[in-house]
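Please look over the sequence and the model shown here before reading on. The report below takes up a pair of packed helices, then another helix and finally a single residue.

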Amino acid sequence: MTENSTREERFAHGLEVLRAVDGEAGQRVIDSLSDISPELGHQIVAWGFGEIYSRPQLAPRDRQLVTLGMLTALGGCEPQLEVHINASLNVGLTPEQIVETLMHAAGYCGFPKALNATFVAKKVFAERGLLPVGEQPAPDATSA
């Protein structure tokens with residue numbers, strides 16, 4: 001995207017990125033804002049995904065690792081963690097890598113926040129048939 005891109009072009013680009021990363025979960029978040037703050041939904045798509053998330057300096061999986069750490073550290077972000085744990089799986093992180101990320105966060109933000117995040121991960125993994133963690137087939141090393 002360029003500085004001369006229109007508002008609609010930035011939104012369209014952001015929507016492509018959102019759908020590729022978050023899938024239906026991201027769209028549900030945007031839809032849920034339509035009757036209260038459609039502009040916030042627009043900014044999440046156009047700026048958050050179209051401008052920030054799509055920057056080439058970090059790969060999507062690395063962006064998700066950062067996001068998981070920050071949402072865990074903030075605490076009280078369980079609905080957003082659910083979306084981003086799904087997104088992490090969508091961009092190639094394994095359940096084991098996600099669990100390790102949340103365990104690593106415990107050292108920096110405390111056990112209560114890491115526990116809350118881990119229970120969100122458990123919910124997502126259960127919904128996707130990925131429990132118990134560690135008993136899933138290893139991903140093909142060439143696809144990571």
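In this predicted model, helices α4 and α5 cross with a left-handed sense. The angle at which α4 (residues 60–74) and α5 pack is about 160°, and their axes lie 10 Å apart; because an angle over 145 degrees counts as roughly antiparallel, α4 is described as roughly antiparallel to α5. The residues that make this contact are set out by helix in the table.

| Helix | Residues in the contact |
|---|---|
| α4 | Gln64, Thr67, Leu68, Leu71 and Thr72 |
| α5 | Gln80, Leu81, His84, Ile85, Ala87 and Ser88 |

In α2, which spans residues 23–32, the buried residues are Ala25, Gly26 and Ile30. These three lie on the same side of α2, because they cover an arc of only 140° around the axis. Glu24 and Arg28, by contrast, are exposed on the other side of α2. The cover over the buried residues of α2 includes α1 (7–21), α3 (38–53) and α5 (78–90).

Within helix α3 one finds Gly48, which counts as partly exposed because its relative accessibility is 23%. Once neighbours within four places in sequence are left aside, Gly48 is in contact with Gln43 and Tyr53. Between the C-alpha atoms of Gly48 and Phe11, which are 37 residues apart along the chain, the separation is 9.9 Å.

Methods:
Residues are numbered from 1 along each chain as its sequence is written. This is a predicted model: local features need pLDDT of at least 70, side-chain atom pairs count only at pLDDT 80 or more; totals for chains, interfaces and linings use all residues. Side-chain values use heavy atoms; hydrogens and water are left out. Buried means under 20% relative accessible area, exposed over 50%, partly exposed in between (1.4 Å probe, protein chains only). Helices (H or I, at least four residues) and strands (E, at least two) are DSSP runs, numbered from the N terminus. The arc is that of the directions from the helix axis to the C-beta atoms. Contact means heavy atoms within 4.5 Å. Axes are lines fitted to C-alpha atoms, for helices over the stretch in contact, and angles run from 0 to 180 degrees between N-to-C directions. Angles under 35 degrees count as roughly parallel, over 145 as roughly antiparallel, 65 to 115 as roughly perpendicular and the rest as oblique. A crossing is left-handed if the near helix is turned anticlockwise from the far one by less than a right angle, and right-handed if clockwise.
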